[in-house]
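Please keep the sequence and the structure in view while reading.

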Amino acid sequence: MKHISLLGATGSIGTQTLDVIRKHPNHFNLSSMSVGRNIELAIQQIHEFSPQLVSVQTRDDYEKLKLEIPNATKVVYGQEGLVEVATDPHSNILVNAVLGSVGLVPTLAAIEEGKAIAIANKETLVTAGHIVTKAANTYNVPLLPVDSEHSAIFQALNGEKINQVERLILTASGGSFRDRTRDQLIDVTVHEALNHPNWSMGAKITIDSATMMNKGLEVIEARWLFDIPYDKIDVVLHKESIIHSMVEYIDGSVIAQLGTPDMRVPIQYALTYPDRIDSISNERLHLWELGSLHFSKLDMERYRCMAFAYEAGRIGGTMPTVLNAANEVAVAAFLDNKLTFLEIENKIEQALERHQAISQPTLEEIISVDQETRAFIHSSIK
Ligand SMILES: NC(=O)C1=CN([C@@H]2O[C@H](COP(=O)(O)OP(=O)(O)OC[C@H]3O[C@@H](n4cnc5c(N)ncnc54)[C@H](OP(=O)(O)O)[C@@H]3O)[C@@H](O)[C@H]2O)C=CC1
Ligand SMILES: CC(=O)[C@@H](O)[C@H](O)COP(=O)(O)O
Ligand SMILES: [Mn+2]
């Protein structure tokens, strides 16, 4: 039996993690969870899964929630609450499905407690990959990828040595605007941007997918998860999202992982690794139903966020922290109709241009650069 702590239970990955737990009660138990502001859904989840510990984002919601749930569930809140859930002594694995770099400190705390980490929260690896991977090595805990591309690479690697890899090939759907030119992006709406062709996901990652920043963040995520240089990480456009990613070996063999677009598959694999159990879904991949798969070369001028991510990743230090923090604030502003779609990348570019990277930053330096970048972007938005 695996006892799970879940950060971000009310989100897209969080609710799908609960689907997996619900389907396999003999394998998994929910020990603790965190939510943000969706208290109504949290109450339902607490009644169904009876976690012994729950964290909410604000003190007000903490006061409300305590009145609505059984006394057996302890309620905590804020950043300290996230850390308390992540270090829950009754759990042996943390599923980090919270949104944004707020996941960093709880992840490090869980690693220091020796917990395995199933990581969906890519912003944590982007903002401080060197610190997270060093801590995981020090405490000898596995970082198990949940992100579909990284789960695909993990499966295609299947324990082979990274020095036998020629390159990793991440697939990218192209997002909601894949068939538009840059000129056709000037007036796009939030509603249009949220219409991903293949995946149903949270709002922020869906916008990241449309700007291609999602793939940029994933390139940096892959650099840290698989300890491989940027020159060996490629991206190919693949509009069907059936091949989730590939590994090309030095002998020319390419191993791909395929499946219907269903995040419950990589979530479950991270929880059962190195074993596999029945799929939650009856839907199977029938290639004859698809007929053909398509691939095309990625144009870095069309997708400027990809170029920013490679550049920030190669510079390293605090540059990816700036990339991530600027993106988080700019995307939130776009969702709030305070920026246009193309202004997202302009804001990120401004933040990167003014920053002098600190190499090998400490956790305190990362947190300070993250906050300073957020303040800069906020102050530049009317
Ligand atoms: N969705 C997907 O298919 C995929 C997602 N990922 C990654 O997984 C992570 C989660 O994505 P997704 O599930 O789509 O996101 P959602 O927006 O759907 O969910 C985010 C979760 O985090 C909570 N949350 C948000 N901000 C805070 C905060 N400041 N403090 C505490 N809790 C907070 C939300 O709470 P509430 O809703 O209660 O406010 C919610 O539970 C991201 O890093 C994303 O890139 C990776 C691959 C695929
Ligand atoms: C499901 C998942 O892992 C997402 O990150 C997905 O890959 C987004 O798709 P694109 O970024 O390729 O549009
Ligand atoms: Mn992905």
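## Annotated site and its surroundings

Glu149 touches Leu170, Thr171, Glu218, His244 and Ser245, residues up to four places away in sequence not being counted; two residues are in contact if their C-beta atoms, placed from the backbone, lie within 7 Å. This is a predicted model, in which local features need pLDDT of at least 70 and side-chain atom pairs count only at pLDDT 80 or more, while totals for chains, interfaces and linings use all residues. Residues are numbered from 1 along each chain as its sequence is written, and chains are lettered from A and ligands numbered from 1 in the order in which they are written.

Glu149 lies in helix 7, and Glu218 lies in helix 10. Helices (H or I, at least four residues) and strands (E, at least two) are DSSP runs, numbered from the N terminus. With neighbours within four places in sequence left aside, Glu218 is in contact with Lys122, Asp147, Glu149 and Leu170.

A residue is buried if 20 or more other C-beta atoms lie within 10 Å of its own, exposed if 12 or fewer, and partly exposed in between, with C-beta atoms placed from the backbone.

| Residue | C-beta neighbours within 10 Å | Class |
|---|---|---|
| Glu149 | 28 C-beta neighbours | buried |
| Pro229 | 10 C-beta neighbours | exposed |

Pro229 is found in the loop between helix 10 (213-225) and strand 9 (233-237). Its C-alpha atom is separated by 9.7 Å from that of Gly313, 84 residues apart along the chain.

The UniProt annotation "binding site", from an unreviewed entry, covers Asp147, Glu149 and Glu218. These residues span 72 residues in sequence, yet no two of their C-alpha atoms are more than 8.4 Å apart, so they gather at one spot. UniProt positions are given in the numbering used here, feature names are shortened, and annotations may be inferred rather than shown by experiment.

Ligand 2 is surrounded by Asp147, Ser148, Glu149, Ala172, Ser173, Gly175, Trp199, Ile205, Ser209, Asn214, Lys215 and Met263 (C-beta atom, placed from the backbone, within 6 Å of the molecule). Helix 7 (148-157), helix 9 (203-211) and helix 10 are the elements that give two or more residues to this shell. By class, the shell has four nonpolar, five polar and three charged residues; Ala, Val, Leu, Ile, Met, Phe, Trp, Tyr, Cys and Pro count as nonpolar, Asp, Glu, Lys and Arg as charged, and the others, Gly among them, as polar.

## Helix 1

The 12 residues of helix 1 (residues 12-23) should span 16 Å at 1.5 Å a residue, and the end C-alpha atoms are 17 Å apart, which agrees. The buried residues of helix 1 include Ile13, Leu18, Val20 and Ile21. Its buried residues pack against strand 1 (2-7), strand 2 (28-34), helix 2 (39-49), strand 5 (93-96) and helix 11 (264-272).

## Domains

The domain assignment, which is automatic or from a database, gives domain 1 (2-141) and domain 2 (160-262 + 298-380). Their C-alpha centres lie 24 Å apart. The contact takes 15 residues from domain 1 and 19 residues from domain 2. Helix 6 (residues 122-138) supplies the largest share of the domain 1 side, 10 residues. That side has five nonpolar, eight polar and two charged residues.

Methods:
The expected span of a helix is 1.5 Å times one less than its number of residues.
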